[in-house]
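Here's a quick tour of a protein model, written for someone who likes cut-offs spelled out. Have a look at the structure first, then read on.

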Amino acid sequence: MDIVLAALQSGIASLASYLAAHVLLCLVPAFFIAGALSALVPQQSIVRFLGPAAPKWVAYPAAAGAGSLLAVCSCTVQPLFAGIYSKGAGLGPAITFMFFAPAANILALSYTGVALGADFAIARLVLSLVFGIGIGMIMALIFHRSDTVRLDNTAAFEGGEGLSRHTLIFLGALIVLLLGGTLKLDFLTTPLLSVELPWATAVAIQNSLNALLPIDLIKGDEGLSVQGVILIGMLGLIALAAWRGLGKVDDGFTRLTFASLGLIAATLIFAALGIVTNDTGLVVTLSGRTLVVAAMLISLWSLSRRFEAWDIQQWLWETWRFVKMIFPLLIVGVFVVGVIRMFIHPEWVQAIAGSNSVLANMVGVMFGVFMYFPTLVEVPIAKMFLSLGMHPGPLIAYLMADPELSLQSILITSAIIGKLKAWTYVGLVAVFSTLAGLTYGAWTDGTSISTVALGFVAFIAVLFGALHYMDKRQHAAHAL
C-alpha cells in the first residue's frame, strides 16, 4: 500500500506541476495558433507549393513550413499526408511534410523550449528541418520512377486563394503572445512593480502543499505553489465554460463563449504575474511579461473584430478541437510518467543511455519506436529521462524518433505508399535520428560549436551533393 500511495503521489506531483507551470503561457496560446492556422489559412496557400512542378528549393521548405503549422502526431498526420500525396504532391515533399509536422510543429517546439530549455528546442528545429528535407529527397530519388508514373495522372497544387494581410497580422499577434509568455529575456522577467498582500493563511497553505507535494529537482518534481493551485482552479472553470461555450461555438456565440474567453484571458494574465509567499502573506510582482501578455490579448480582441463572425467561430471551434484531441492524452501521459518515474532507478538509465555512444543513441531511437506516446507527451517523458541521467544526445535521438514512428503509423503509411517505401522511410528516420543524437551529444560533451558545425555542414554538403548528382543522373537516363 505504501508503494501504491507513493506512486500515486508521484503521478499527482507530476500532473500538478505540469498544469500549474507548463500549460498556460505555452500551450494555451499554441492551441489558439493551431486553431487559427486550421481555420483562417486557406488550404491552397499551404499545399500549392508541394507539387512536382515546384522547384526543390521551394517545395521542400514549403513542406516543412506547412508541417510546422500543424499540431499533430505521427498517426494524426497520416490522413493529411494521404490527402496531399493523392492530390499531386511529390513523394519527397510529402515525406518531408509527414516527418516535420509531428517533430517540429509550433506546439512541440514551444513545449520543448519551456520544459527542456531553448537549446533542445533549437536543436530539435534545426535537425528536424535539415534531416526531414534530406529524408524526403532521398525517398524521392530512390522511388523516382514509380513517383513519376503516379504524378503523370495528377494535377499539381497551383493557384488558389492567398493569405490576407490581416490574417498574417493576427497570427503574428498570437505568436508574440506565445513568445512573450515563454521566453526568458531580461525585459520580460525584470520586476516592474511589487505589492505585498497580507494573508496569514497563505503561509500555512504553502507549507501544506510543500508537505503534500515536496520539491525534488533530481526527480523533476517542481512542487506546487499557492498561485499554481489558483491556476488549476481557473483551468477547471475554463473547462466547464468551454465545453459548450467553445465546443458549440459553430452554432453561434453564447454567453458561455464570452465567459470562456474572458476566463482564458484572465488566467493568462494571472499566470504572467509573479506570486510568492512570505512570512506575512503574498508578494505579487508585475513584470514586462505581464504587460506583453495583457497588450497582446487586447490587440487580439481588437484584430478579431475585423473578421467575419463565421471565421471567428471556426477559429474557436478548431482550437477547441485541438484541445479535446490532445489535452486529455497529455493529462493521462504526464500522470503515468510521474508514476513510472517512481520505479525507475537513475543508474539504469545512466548505464544504458548515459553516454553519447552509437548504441545509446540507437536505444533512444528504438524506445521512441516501440514505446510510442501521443503528441507532446514525449516531452515530459524526455524530461523524466534527462533528470534520471540520460545523455542529451540519446535524448534528442528519442525526441526525433518518437513523434515520427509508431507501429500503427508504420502500418498506415504502408497502406498509403506501399510496404517497400514505408519501411525505407522507417530505416531512414532511424539512421538520421541516431546521427542527430550523436551530433547534439558531441556539442554537449564539450566539442566546440565550430567543430560540430563544420562537421554537420560537411555532412550536409556531401549528402545534398550526392543527391544532386544522383538526381542529374536520373534525369539524364530518363531523357534517353
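This is a predicted model: local features need pLDDT of at least 70, side-chain atom pairs count only at pLDDT 80 or more; totals for chains, interfaces and linings use all residues.

## T413 and I417 in helix α20

T413 is buried, at a relative accessible area of 4%; buried here means under 20% relative accessible area, exposed means over 50%, and partly exposed is in between, using a 1.4 Å probe and protein chains only. T413 sits in helix α20, where helices are DSSP runs of H or I with at least four residues, strands are E runs of at least two, and both are numbered from the N terminus. Its C-alpha is 9.9 Å from that of M98, although 315 residues separate T413 and M98 in sequence.

I417 also belongs to helix α20, which covers residues 407-417. I417 is buried too, with 9% relative accessible area. Y85 is 332 residues away from I417 in sequence, yet the C-alpha to C-alpha distance is 8.9 Å. Contact means heavy atoms within 4.5 Å, and with neighbours within four places in sequence left aside, I417 is in contact with F81, Y85, L91, I95 and A422.

## What kind of model this is

Residues are numbered from 1 along each chain as its sequence is written, and side-chain values use heavy atoms, with hydrogens and water left out.

## The chain as a whole

The protein chain has 22 helices and 3 strands. It runs to 480 residues, and 51% of them count as buried. Take the contacts between residues at least 6 apart in sequence: 83% of those join residues at least 24 apart.

## Helix α7 against helix α21

Two packed helices are described by the angle between their axes and the distance between the axes. Helix α7 (residues 118-142) and helix α21 (residues 419-444) have axes that come within 10 Å and cross at roughly 145°. The axes are lines fitted to C-alpha atoms, for helices over the stretch in contact, and angles run from 0 to 180 degrees between N-to-C directions. The crossing of α7 past α21 is right-handed; the near helix is turned clockwise from the far one by less than a right angle in a right-handed crossing, and anticlockwise in a left-handed one.

On the α7 side, the contact is made by D119, F120, A123, L127, F131, I135, I138, M139 and I142, and α21 brings K421, T424, Y425, L428, V429, F432, L435, A436, Y440 and W443. The residues of this contact divide into 16 nonpolar, 1 polar and 2 charged. Here Ala, Val, Leu, Ile, Met, Phe, Trp, Tyr, Cys and Pro count as nonpolar, Asp, Glu, Lys and Arg as charged, and the others, Gly among them, as polar.

A140 is another residue of helix α7. A140 is buried, at 19% relative accessible area. It touches Y60 and G92, not counting residues up to four places away in sequence. L91 is 49 residues from A140 in sequence, and their C-alpha atoms are 5.7 Å apart.

Helix α6 (residues 106-116) is largely enclosed by the rest of the structure, because 8 of its 11 residues are buried. These include L107, L109, Y111 and L116. Just after α6, G117 takes a positive phi of about 120°.

S260 has its place in helix α13 (residues 255-271), and S260 is buried with a relative accessible area of 0%. Leaving aside neighbours within four places in sequence, S260 is in contact with A241, A242, G245 and L246.

## One salt bridge

Side chains of opposite charge can pair when their charged atoms come close. The count here is 1 salt bridge, meaning a side-chain nitrogen of Lys or Arg within 4 Å of a carboxyl oxygen of Asp or Glu. R321 forms it with E318, and the closest N and O atoms are 2.7 Å apart.

Where do the two partners sit along helix α15? R321 and E318 are 3 residues apart in helix α15 (residues 309-341), so about one helical turn separates them. R321 is partly exposed at 31% relative accessible area, whereas E318 counts as buried at 12%.
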